[in-house]
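This report concerns helix packing in a predicted model. Please consult the sequence and the 3D structure alongside the text.

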Amino acid sequence: MTMRTRPLGTTGPQVSALGLGCMGMSALYGEADRAESIATLHAALEAGVTLLDTGDFYGMGHNEMLIGEALRAAPVARREQALVSVKFGALRDPDGGWSGYDGRPAAVKNFAAYSLQRLGVDHIDVYRIARLDPDVPIEETVGAIAELVEKGYVRHIGLSEVGADTIRRAAATAPISDLQIEYSLISRGIEHEILPTTRELGIGITAYGVLSRGLISGHFTADRQLGAGDFRAMSPRFQGENLRHNLNLVEALRKIAEQKGVSVAQTAIAWVLSRGEDIVPLIGARSRDRLTEALGALDVTLDTADLTAIEEAVPAGAAAGDRYPAAQMAHLES
């Protein structure tokens with residue numbers, strides 16, 4: 001396996017062809033093993049992964065502190081290669097509830113101050129609001145991040161889960177490096193308007209959910225019991241008939257993967273990699289075993305026949321159920 005690099009848009013840095021999404025090490029997928037999480041972060045850095053993605057609300061700061069701890073313990077060369085992407089703005093309460101999003105300029109700077117402290121760094125490489133605050137124009141939020149860039153606290157400005165119009169307004173305010181948004185074989189909504197817009201403007205894509213929260217990893221089974229606090233217990237795609245339908249799609253994909261001698265997860269990640277050099281998939285591995293499997297996707301070559309077979313097995317729009325519960329879908333522009 002050779003770790004290649006890709007540009008994070010025309011205004012962003014070169015990053016590893018795969019990034020590591022660290023959310024599952026702290027939140028939303030049940031209990032995680034702290035020691036294994038740090039070992040996985042170190043293994044990712046050793047393998048050449050440079051992009052680490054987090055959110056200040058993942059485990060109410062736990063994820064940022066976890067990454068900070070891992071970076072401090074990493075060899076200097078590996079620590080210096082790491083680029084940290086942070087999402088901010090989600091409001092939480094002590095019970096774990098969600099209270100909306102805050103994109104006010106004063107809040108942006110406040111969130112950044114705490115993230116810098118928890119991460120133990122003097123700057124954040126990519127900073128973005130997790131969801132659009134409907135009460136604050138995107139120009140004000142992006143403008144506040146631009147001020148942090150001018151002061152050296154942030155290197156690049158990103159966006160997350162916004163539509164084409166918001167992308168254009170943000171890009172007219174300040175240079176935008178990338179848009180973080182869900183993109184996978186069964187979540188292809190960005191292909192209609194969003195992806196053409198980012199490509200027109202030279203904005204990269206960091207694609208999360210490339211395995212759809214494990215649904216199309218090849219490891220999820222219909223009888224799996226989800227623990228308390230696992231987001232998937234509420235996710236429409238993991239419920240009843242939706243789950244059975246979606247797992248049938250996975251089995252169709254498995255046949256193609258087996259013919260190539262690779263795993264289902266590797267095939268699904270390789271498909272996202274095939275969509276363009278401007279797309280950097282985020283892999284959500286929580287263990288070294290899953291990390292190793294995901295990195296193996298870099299050695300998978302999908303030719304025209306493979307891509308045609310995948311499209312026939314899992315056509316666009318074939319998934320059953322929305323990617324978030326209705327209340328959360330309301331916060332998405334895409």
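## Helix packing in the predicted model

The buried residues of helix 9 pack against strand 1 (5-7), strand 11 (204-208), strand 12 (279-283), helix 8 (240-260), helix 10 (288-295) and helix 11 (304-313). Ten of the ten residues of helix 9 (residues 264-273) are buried, so this helix is largely enclosed by the rest of the structure. The buried residues are Val-264, Ala-265, Gln-266, Thr-267, Ala-268, Ile-269, Ala-270, Trp-271, Val-272 and Leu-273.

Two helix pairs are described next. Two packed helices are described by the angle between their axes and the distance between the axes.

| Helix pair | Angle | Axis distance |
|---|---|---|
| Helix 2 (residues 62-73) and helix 4 (residues 105-119) | about 40° | 7 Å |
| Helix 5 (residues 138-150) and helix 6 (residues 164-173) | about 40° | 9 Å |

With an angle of about 40°, helix 2 is therefore oblique to helix 4. Helix 2 contributes Glu-64, Met-65, Ile-67, Gly-68 and Arg-72 to the contact, and helix 4 contributes Ser-115, Arg-118 and Leu-119. The residues of this contact between helix 2 and helix 4 comprise three nonpolar, two polar and three charged.

For the other pair, the angle is about 40°, which makes helix 5 oblique to helix 6. Helix 5 passes helix 6 in a right-handed crossing. On helix 5 the contact is made by Ile-138, Glu-139, Val-142 and Gly-143, and on helix 6 by Thr-166, Arg-169, Ala-170 and Thr-173. The residues of the contact of helix 5 with helix 6 are divided into three nonpolar, three polar and two charged.

Note on methods
Residues numbered from 1 in each chain as written. Predicted model: local features only at pLDDT ≥ 70, side-chain atom pairs only at ≥ 80, totals over all residues. Heavy atoms only, no water. Axes fitted to C-alpha atoms, helices over the stretch in contact; angles between N-to-C directions. Helix = DSSP H or I, 4+ residues; strand = E, 2+ residues; numbered from the N terminus. Parallel < 35°, antiparallel > 145°, perpendicular 65-115°, else oblique. Contact = heavy atoms within 4.5 Å. Nonpolar A, V, L, I, M, F, W, Y, C, P; charged D, E, K, R; others polar. Buried < 20%, exposed > 50% of the residue type's maximum accessible area, 1.4 Å probe, protein only. Left-handed = near helix turned anticlockwise from the far one by under 90°.
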